[in-house]
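Visitor: I would like to go through this chain residue by residue. Please show the sequence and the coordinates before we start.

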Amino acid sequence: MGKVTGFMEYQRLQEASEAPQSRKKHYKEFLVHLDDAQAKTQAARCMDCGIPFCNNGCPVNNIIPDWNDLVYNGNLKLALDTLHSTNNFPEFTGRICPAPCESACTLGINDDAVGIKSIEHYIIDKGWENGWVTPQPASVKTGKKVAIVGSGPAGLATAQQLARAGHEVTVFEKNDRAGGLLRYGIPDFKLEKSHIDRRIEQMQAEGVVFRTGVLVGKDFPGNITNWSKEIISPEQLQKDFDAVVIAGGAEVPRDLPVPGRELKGVHFAMEFLPAQNKVNAGDKLKDQILAAGKHVVVIGGGDTGSDCVGTSNRHGAKSVTQFELLPQPPEQENKALVWPYWPTKLRTSSSHEEGCERDWSVATKRLEGKAGKVDKLIACRVEWKDGKMQEVPDSEFELKADLVLLAMGFVSPVQQVLDAFGVDKDARGNARASTEGAGCYQTNVPKVFVAGDMRRGQSLVVWAIREGRQCAREVDLALMGASVLPR
């Protein structure tokens, strides 16, 4: 490494951010990437550990020690090339990935892990600032045509890899803009959509065609974002293309089957969040769900719930409460027990810092309202014994609730899409396809492949990118008999 003793000399530095009360007034990103001197110092903390567990902790197997060393030595162009060799979209992961690589960092055993995510953020932003991120069109075209269903991170990664291999790639997206859940799901204050737009422009220059507002299949459920104006059948895609990749997100939300669920003012998170994305893009909505002046209760303690908290605060909510069914995790993990794996510990997001009451081991018993509209939530305390949940006696309480947002995760991909193609599914409702051996990422339907959430269920952006890249290689191999794309 460039600075062998750097991990003993320098402390971890968090990226600078705008103050919570100030950033609540807008929807722009508020984190600032490291400056040149800070990035060099942080990269110097990467130790010569011998076995870089961070590589395996990262789902796309980023070559982290190499680009840390390159950053320390000032070779940013090569650092960017090294980063891009495993990750098509580091500006996405450098902003919204939870960084499992840092949990696997060897330095993290007895010290603060290397700030891998902040260095990745620095590298890609410097790449865009210096004009180093340019289109890479294929020099030779194969004449093969591939359709990608879904323009989220899995679909985009698959499309870019296949286009660079020389195939004619068309991406179909049911909503009016490409990006999938990156576009309509992740709040702008975490990921400004200009980052997606410039990648779309790069991919178009590489030959990828985007067809937005096009739904593949039929009988689409009404509680899932769908701004399509055109419908194409799977049979038509299979007729027009040499291969089809299903790469949509896991969009079916987990519901809350309690009395009062039907009251007005009770919504899924993915009814609430995409509407704000659309308004931020300049569109006008007549029926946007607003939290302004309301007592908001967010049910679900994960990232989606956190996004609801941040958006509600920006709307001007009177109060925001978020609770979780599971017990409160420890503030610090037992590193000796869990390293190098992703630990269960208390995580406070930037949205929580902006104002939120949090509670754990809470279950919703019923929702009550007046004139058909919710105005209170009745809950109770629960305890867990031998993996089973039990209500704590005499623990019932009520919360004022003008708006209840359900953010309890996603149960599966949209079943109607998979059924329209006729692909086999596993017990969880995901498309059945192996990632090992011959025929990786292939479904039981000829010429039809699957990647990302459609295959593995709800997961991280970085896993979607990995699966998209790997699926692209398998499609290329099936079409050409050989492939130079990395797996």
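**Contacts, burial and salt bridges**

Guide: Arg261 has a relative accessible area of 18%, so this residue is buried; buried means under 20% relative accessible area, exposed over 50%, and partly exposed in between (1.4 Å probe, protein chains only). The model is a predicted one, in which local features need pLDDT of at least 70 and side-chain atom pairs count only at pLDDT 80 or more, while totals for chains, interfaces and linings use all residues. Residues are numbered from 1 along each chain as its sequence is written, and side-chain values use heavy atoms, with hydrogens and water left out.

Visitor: Which residue meets Arg261 in a salt bridge?

Guide: A salt bridge here is a side-chain nitrogen of Lys or Arg within 4 Å of a carboxyl oxygen of Asp or Glu. The N to O distance is 2.7 Å, and the partner of Arg261 is Asp255.

Visitor: How many salt bridges does this rule count?

Guide: One of them joins Arg177 to Asp176, with the closest N and O atoms 3.2 Å apart. Arg177 is partly exposed because its relative accessibility is 22%, and Asp176 is partly exposed at 27%. The count of salt bridges comes to 33.

Visitor: What is the bridge partner of Arg366 in E15?

Guide: Helices (H or I, at least four residues) and strands (E, at least two) are DSSP runs, numbered from the N terminus, and two strands pair if DSSP finds at least two bridges between them. Strand E14 (residues 362-370) and strand E15 (residues 373-385) pair in the antiparallel sense over 8 bridges. In E15, the partner of Arg366 is Ile378.

Visitor: Which residue in the hairpin of E14 and E15 takes a positive phi?

Guide: The hairpin has 2 residues between the strands. The positive phi is near 55°, and the residue that takes it is Ala371.

Visitor: Is Lys174 buried or exposed?

Guide: Lys174 is placed in the loop between strand E4 (168-173) and helix H11 (194-205). Contact means heavy atoms within 4.5 Å, and, not counting residues up to four places away in sequence, Lys174 touches residues including Phe220, Trp227 and Glu251. Its relative accessibility is 12%, so Lys174 counts as buried.

Visitor: Which side chain makes a polar contact with the side chain of Lys174?

Guide: A polar contact is a pair of N or O atoms within 3.5 Å; within protein, one must be able to donate a hydrogen and the other to accept it, and residues adjacent in sequence count only if both atoms are side-chain atoms. The Lys174 side chain also reaches the backbone oxygen of Thr225 at 3.5 Å. The side-chain partner, at 3.1 Å, is Glu251.

Visitor: Which side chain makes a polar contact with the side chain of Arg183?

Guide: Arg183 is in the loop between E4 and H11. With a relative accessible area of 7%, Arg183 is buried. Leaving aside neighbours within four places in sequence, its contacts include Arg177, Lys193 and Asn277. The polar contact is 2.7 Å, and the partner is Asp197.

Visitor: What distance separates the C-alpha atoms of Thr348 and Glu331?

Guide: Thr348 lies in the loop between H15 and helix H16 (350-353). A polar contact of 3.3 Å joins the side chains of Thr348 and Arg358. Thr348 and Glu331 are 17 residues apart along the chain, and their C-alpha atoms are separated by 9.8 Å.
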